[in-house]
Amino acid sequence: KQWYQRRVVITAGGSADCSILLWDLETGSAKECLTHHKDKVQTLCWHLAEGTTLLSGGYDNTCQVTDCRTKNSKSWTVDGEVEHLMWDVSNPFSFLAGTSNGSALCIDIRQEKPLYTIAAHDNEVSGLAMTKQIPGLLATCSADRTVKVWQISDNRPSCVTSRAFPEAGSLHCLSFCPDYATMLAIGALEGGLLMWDIASNKEFREAFNHPAVDGS
């Protein structure tokens with residue numbers, strides 16, 4: 001599910017029946033049903049500024065951007081099932097997608113083809129994370145038990161560093177702390193919540209001109 005952030009009276013829920021329901025929380029009823037996907041809906045994300053624009057991804061290998069006022073939708077086909085989506089925090093016209101084939105893509109909604117595609121992991125890309133506090137920084141995680149840190153400025157992505165979590169099992173999600181820009185929280189199959197301060201990594205500090213943390 002995904003909350004509509006600007007006025008919390010609507011929530012969107014994707015389903016294995018291929019539909020997306022928009023729920024009115026004041027009445028407790030479903031107000032709209034979106035049926036653009038042809039297979040299970042896996043991931044949803046409201047636009048960060050345009051509150052009626054919904055991003056969705058499914059097992060039909062498509063990403064969809066829908067104007068929920070009109071139900072008009074635009075679609076992009078990617079190289080696998082869409083595991084995770086997020087809007088680019090530095091560009092309101094772009095979003096990022098992680099697929100079951102290990103790819104991470106950046107798509108400008110004004111264009112027909114991706115701005116770039118990264119062969120990011122050996123297994124599905126289950127998580128994507130950015131922070132406004134460090135422009136050009138992208139982190140990804142995967143069922144291959146690794147987290148990778150990328151420099152994506154100017155749409156020229158390069159891998160800065162990576163870290164394996166061999167005892168964690170599959171990694172399912174990750175997020176930067178809003179109050180500590182280099183701290184990653186990572187959700188794992190085994191061991192629960194993991195933490196990694198990427199500022200402890202020399203390659204990250206050099207790539208982003210970031211000061212060292214104590215002891216690093």
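In which strand is Thr 43 found? Thr 43 belongs to strand β5, residues 41–46, where strands (E, at least two residues) are DSSP runs numbered from the N terminus. The structure is a predicted model, in which local features need pLDDT of at least 70 and side-chain atom pairs count only at pLDDT 80 or more, while totals for chains, interfaces and linings use all residues. Residues are numbered from 1 along each chain as its sequence is written, and side-chain values use heavy atoms, with hydrogens and water left out.

With a relative accessibility of 8%, Thr 43 is buried; buried denotes under 20% relative accessible area, exposed over 50%, and partly exposed the range in between (1.4 Å probe, protein chains only). Leaving aside residues up to four places away in sequence, Thr 43 is in contact with Leu 55, Ser 56, Gly 57, Val 82, Glu 83, His 84 and Leu 85, contact being defined as heavy atoms within 4.5 Å. For Leu 85, a polar atom of the Thr 43 side chain lies 3.4 Å from the backbone nitrogen.

Four salt bridges were counted, under the criterion of a side-chain nitrogen of Lys or Arg within 4 Å of a carboxyl oxygen of Asp or Glu. One of them joins Lys 74 to Glu 112, with the closest N and O atoms 3.3 Å apart. This pair links distant parts of the chain, 38 residues apart: Lys 74 lies in strand β8 (residues 72–77), and Glu 112 in the loop between β11 (103–108) and β12 (116–119). Lys 74 is partly exposed, at 25% relative accessible area, whereas Glu 112 is exposed, at 60%.

A salt bridge is also formed by Asp 108 and Arg 110, whose closest N and O atoms are 2.8 Å apart. Asp 108 is buried, with a relative accessibility of 4%, while Arg 110 is exposed at 53%. In a further salt bridge, the side chains of Asp 67 and Arg 69 meet at an N to O distance of 3.0 Å; Arg 69 has a relative accessible area of 63% and is exposed.

Strands β17, β18 and β19 form, in the order β17-β18-β19, an open sheet with antiparallel pairing, two strands being paired if DSSP finds at least two bridges between them. The edge strands, each pairing on one side only, are β17 (171–177) and β19 (193–197). From one strand to the next, the twist averages 25 degrees, based on axes fitted as lines to C-alpha atoms, with angles running from 0 to 180 degrees between N-to-C directions. Five bridges connect β18 (residues 180–188) with β19 in the antiparallel sense, and Met 183 stands opposite Asp 197 in β19.

Definitions and conventions
Helix = DSSP H or I, 4+ residues; strand = E, 2+ residues; numbered from the N terminus. Polar contact = N/O pair within 3.5 Å; in protein donor to acceptor, adjacent residues only side chain to side chain.
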